[in-house]
Amino acid sequence: MHKIVIKGGVPLNGEVQVSGAKNAVLPLLFATLLAEGQSEICNVPALRDIDTAVALLDILGATTERVADCCRIDATAIRSDEAPYDLVRTMRASVLVLGPLLARCGHARVSLPGGCAIGARPIDQHLKGFEALGARITLDHGYVEAQAERLRGAHIIFDMPTVGGTENLLMAAALAEGETIIENAAREPEIVQLAEALISMGAKIEGAGTARISIQGVSSLRPLEITVMPDRIEAGTFMIAAAMTGGDLLVRGARQQDQEVLLQKMVEAGVMIHPEQGGLRVVGPDKLLPVDVRTSAFPGFPTDMQAQFMVMMALARGTSRISENVFENRFMHVCELQRMGANISIDGHSAVIHGVEQLLGAPVMATDLRASACLVLAGLAAENTTEVSRIYHLDRGYERIEEKLAGLGARIERVSA
Ligand code: UD1
């Protein structure tokens, strides 16, 4: 067990390189199951969730190899079509093997993910989509079993834009017979990258990045070769770190088109942001201004940046309101921030934040991935020392975060707890 120890109050300056996007790599890794032959995915970050996904591919019978930041996967011989509970419970995105396995093998058995720290997160929309494609879905011992000799194209209308549901159905429909239309599809940049990847494999897909995607099924796909897009959530987290500490930071790999709303909200808060070659330069203001935020599906404000934005607002001059509309129970960082002197109260789906002059270092505990990032941000801006424990959450989604922050002047280290 490790913890992160931060002595706060140092403005972050310099340049930082954003890693490949975790949420883009995961579906890309599972998309390799759709084809025979060796696929190669590059700019893959070293993260615990990626290790879990690769372990799952190994269990399914793919041969996997990591060379520098590339991952080579050969899924020619698949010997199992089961994603076991032990892996799915540590990473919900394991359910993304359902679509590829069903399309390629005609059968898949995947443990139901169950509850998680940020809410119930069902997969009913994924299953509804597979049923529309002609799959028979049964439940057995906590596992979902899906079966279909050959999937058939269908018209699917999601109840809500679901990122994982859209990805799972895109992959399944790529090998289905005939045309599939997905309406109310999620529009996240990671979905656009998955669609581009599938197209490069020979799939026929139009409309990714809009709410209506059409897929003309093909009978087989070629292996994949792709470089992963930069992680917009990691980029946003560094941008907020610069803003909160009054720093001046070039975030290399940050892309305006992936973060329009976040950028707008940061500018409203008084942060200076301008594009520079290869990234975005962020200069923190003397005093942050309060800004209201409502999370929603892309292109709305990302729920994965909610906790980080809240800690910035904890230091703003005035009162702001943040509403969480994507996940229930995603305010667990609030209690920990209160222990650091933040003045935040919860009112249903909203948090009301009265800015304070200064946060105070304290021992705090991470509860989920983005909550951990918000506690690190709090520690960077706080007086004295902050110790963040349970940082295995952080290691699921941030590559070498303490090294990257130390390189920008932060006094931060990882120590044995
Ligand atoms: C993905 C991201 C996660 C991000 C989330 C929302 C990955 C690996 N994870 O998660 O970081 O926070 O998008 O941007 O990319 N829902 C249902 N039924 C379903 C599917 C979803 O009710 O079958 C609900 C969820 O409970 C949630 C909402 O729809 O309230 C959005 O979830 P979804 O977009 O599916 O999130 P994930 O794909 O799990």
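Reader: In strand 9, which residue is the bridge partner of D140?

Author: This is a predicted model, where local features need pLDDT of at least 70, side-chain atom pairs count only at pLDDT 80 or more, and totals for chains, interfaces and linings use all residues. Residues are numbered from 1 along each chain as its sequence is written, and side-chain values use heavy atoms, without hydrogens and water. Strands are DSSP runs (E, at least two residues; helices are H or I, at least four), numbered from the N terminus. Within strand 9, D140 has as its bridge partner Y143.

Reader: What is the order of the open sheet of four strands?

Author: Strands pair if DSSP finds at least two bridges between them. Strand 8 and strand 9 (residues 143-147) run antiparallel, joined by five bridges. Strand 6 (82-83) and strand 8 (136-140) each have a single partner strand, so they stand at the edges. Pairing is mixed, and the order is 6-7-9-8.

Reader: Where does the ligand lie relative to domain 1 and domain 2?

Author: The bounds come from an automatic or database domain assignment. Domain 1 (2-19 + 230-416) and domain 2 (22-227) both give residues to the shell, so the ligand lies between them.

Reader: How far is a backbone N or O atom of V326 from an oxygen atom of the ligand?

Author: A polar contact here is a pair of N or O atoms within 3.5 Å. For G164, a backbone N or O atom lies 2.8 Å from a ligand oxygen atom. For V326, the distance from a backbone N or O atom to a ligand oxygen atom is 2.5 Å.

Technical notes
A polar contact is a pair of N or O atoms within 3.5 Å; within protein, one must be able to donate a hydrogen and the other to accept it, and residues adjacent in sequence count only if both atoms are side-chain atoms.
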